[in-house]
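Open the model in your viewer and follow along, one selection at a time.

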Amino acid sequence: SNTLYTKNNASAKFQIIPVAHKDVAIVLDYFRCISGTSLDCSLSTGILRNSVTFHIDTLQKLGLIQVVKIAPDKHTGYKAKYYSADPARWQKPKFVQLSLFGEGNL
C-alpha cells in the first residue's frame with residue numbers, strides 16, 4: 001500500500017513513513033546552511049520546485065524558516081524571496097513604545 005502513514009505498534013498511534021518527510025528535512029537542512037530561493041534549493045537538492053515551495057510553506061508555518069530578504073533571483077532576474085533556517089539571519093521585530101495614556105496625560 002502506498003499510504004503516508006503506517007501503524008508502528010499497539011502503543012503508538014501512527015508513524016510517518018521516512019520517505020514522506022525526507023524531502024522536507026533536506027529542504028530544512030539546505031536553508032540551515034544557505035540563504036536562498038526556492039529555485040536555488042530545487043537546483044541544489046534535485047527536489048522538484050513545486051515540492052520545495054510546499055515544504056517552504058510548511059516550514060514557515062512551523063516557524064523553522066523565514067524570509068530574510070527579497071531581491072532579484074540570480075537565475076531569473078525576477079524578484080524572489082530568500083529564505084533561511086538560521087535564526088541569526090532572521091529579521092528582528094521592531095518594537096515601538098506605545099503610550100498607555102496618550103500625550104500630556106499622566
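## A tour by selection

The model is a predicted one. Now select Val67 as well; Tyr83 is its bridge partner in strand 4. Together they form a hairpin, with 6 residues between them. In that turn, pick Gly77, which has a positive phi of about 85°.

**Zoom out: the whole chain**

Colour by secondary structure. The chain holds 3 helices and 4 strands. Read from the N terminus on, the elements run β-β-α-α-α-β-β. Now colour by accessibility. The chain has 106 residues, and 25% of them count as buried. Its accessible surface comes to about 8,300 Å². Carbon and sulfur atoms account for 58% of that surface.

**Select Ala80**

Return to strand 4, where Ala80 is found. Is Ala80 buried or exposed? Its relative accessible area is 16%, and the cut-off for buried is under 20%, so Ala80 counts as buried. Show what surrounds it. Leaving out residues up to four places away in sequence, Ala80 touches Thr37, Lys69, Ile70, Ala71 and Asp73. Draw a distance from Ala80 to Ser38, C-alpha to C-alpha. The two residues are 42 apart along the chain, and these atoms are separated by 8.6 Å.

**Select Asp73**

Asp73 was one of the residues touching Ala80. Where does Asp73 lie? Its place is in the loop between strand 3 and strand 4. Despite the loop position, Asp73 counts as buried, at 5% relative accessibility. Display its contacts, ignoring neighbours within four places in sequence. They are Thr37, Leu39, Asp40, Tyr78, Ala80 and Tyr82. Leu39 and Asp40 on that list are also among the buried residues of helix 2. Asp73 and Leu39 are 34 residues apart in sequence, with 8.5 Å between their C-alpha atoms.

**Select Leu39**

Leu39 is buried, with a relative accessible area of 15%. Which residues does Leu39 contact, leaving aside neighbours within four places in sequence? They are Arg49, Asp73, His75 and Thr76. Take Thr76 from that list and draw the C-alpha distance. Leu39 and Thr76 are 37 residues apart along the chain, and the separation is 9.3 Å.

Now show the rest of the helix. The buried residues of helix 2 are Ser38, Leu39, Asp40, Cys41 and Ser42. Step past its end to Gly46, which follows helix 2 and has a positive phi, near 85°.

**Select helix 2 and helix 3 together**

Helix 3 covers residues 49–61. Turn the view until both axes are clear. At what angle do helix 2 and helix 3 pack? The angle is about 120°, and the axes are 9 Å apart. Angles of 65 to 115 degrees count as roughly perpendicular and those over 145 as roughly antiparallel, so helix 2 is oblique to helix 3. On the helix 2 side, the contact is made by Ser38, Leu39, Cys41 and Ser42. On the helix 3 side, it is made by Arg49, Val52, Thr53 and Ile56. Helix 2 passes helix 3 in a right-handed crossing.

**Last stop: Asn50**

Stay in helix 3 and select Asn50. Is Asn50 buried or exposed? At 56% relative accessibility, Asn50 counts as exposed, because the cut-off for exposed is over 50%. Finish with one more distance, to Ser38. Asn50 and Ser38 are 12 residues apart in sequence, and 8.8 Å apart in space, C-alpha to C-alpha. Ser38 is itself one of the buried residues of helix 2.

Notes. Residues are numbered from 1 along each chain as its sequence is written. This is a predicted model: local features need pLDDT of at least 70, side-chain atom pairs count only at pLDDT 80 or more; totals for chains, interfaces and linings use all residues. Side-chain values use heavy atoms; hydrogens and water are left out. Buried means under 20% relative accessible area, exposed over 50%, partly exposed in between (1.4 Å probe, protein chains only). Contact means heavy atoms within 4.5 Å. Two strands pair if DSSP finds at least two bridges between them. Helices (H or I, at least four residues) and strands (E, at least two) are DSSP runs, numbered from the N terminus. Accessible areas come from the Shrake-Rupley method with a 1.4 Å probe; for residues, only the protein chains shown count as cover. Axes are lines fitted to C-alpha atoms, for helices over the stretch in contact, and angles run from 0 to 180 degrees between N-to-C directions. Angles under 35 degrees count as roughly parallel, over 145 as roughly antiparallel, 65 to 115 as roughly perpendicular and the rest as oblique. A crossing is left-handed if the near helix is turned anticlockwise from the far one by less than a right angle, and right-handed if clockwise.
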